Amino acid sequence: NTTGQQQRTKLISSDTARHNLTNQHLLIAKMGQSASKPDISSPSVPKSQKVGIKSGKKICCCCPETKKARDECVVFKGEEHPDCVKLIEAHKICLREEGFTVK
């Protein structure tokens, strides 16, 4: 009788594990499907320009010289420091010349 109960317990545990695995696979498949469909209702990328007209690079990669100088200045002196204000403006000008809309 005890051996029969142990076998039934093993079968139930095995069925439960199989069921859980199937549910996990379905969830993963469903997540993959939803991730591959574009969300038309709220676009994640603005309709403005995506790459610079001179370099063909994204905004994060354009103007590396002015970006580096600006970042170092802000880290060591602070955003309000007069030197940094000039470097920030120089970086904005560079980005505008690439065709990006920058405030």
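**Salt bridges and surface of a predicted chain**

Me: Which residue forms a salt bridge with Asp71?
Reply: A salt bridge here is a side-chain nitrogen of Lys or Arg within 4 Å of a carboxyl oxygen of Asp or Glu. For Asp71 the closest N and O atoms are 2.7 Å apart, and the partner is Arg70.

Me: Is Arg70 buried or partly exposed?
Reply: This is a predicted model, in which local features need pLDDT of at least 70, side-chain atom pairs count only at pLDDT 80 or more, and totals for chains, interfaces and linings use all residues. Residues are numbered from 1 along each chain as its sequence is written, and side-chain values use heavy atoms, with hydrogens and water left out. Buried means under 20% relative accessible area and exposed over 50%, with partly exposed in between (1.4 Å probe, protein chains only). Arg70 has 22% relative accessibility, so Arg70 counts as partly exposed.

Me: What is the N to O distance between Asp83 and Lys77?
Reply: Asp83 has a relative accessibility of 34%, and Lys77 has a relative accessible area of 47%. Their side chains meet in a salt bridge, N to O, at 3.0 Å.

Me: Which residue forms a salt bridge with Glu89?
Reply: Glu89 is partly exposed at 34%. Its partner has closest N and O atoms 3.3 Å away and is Arg96.
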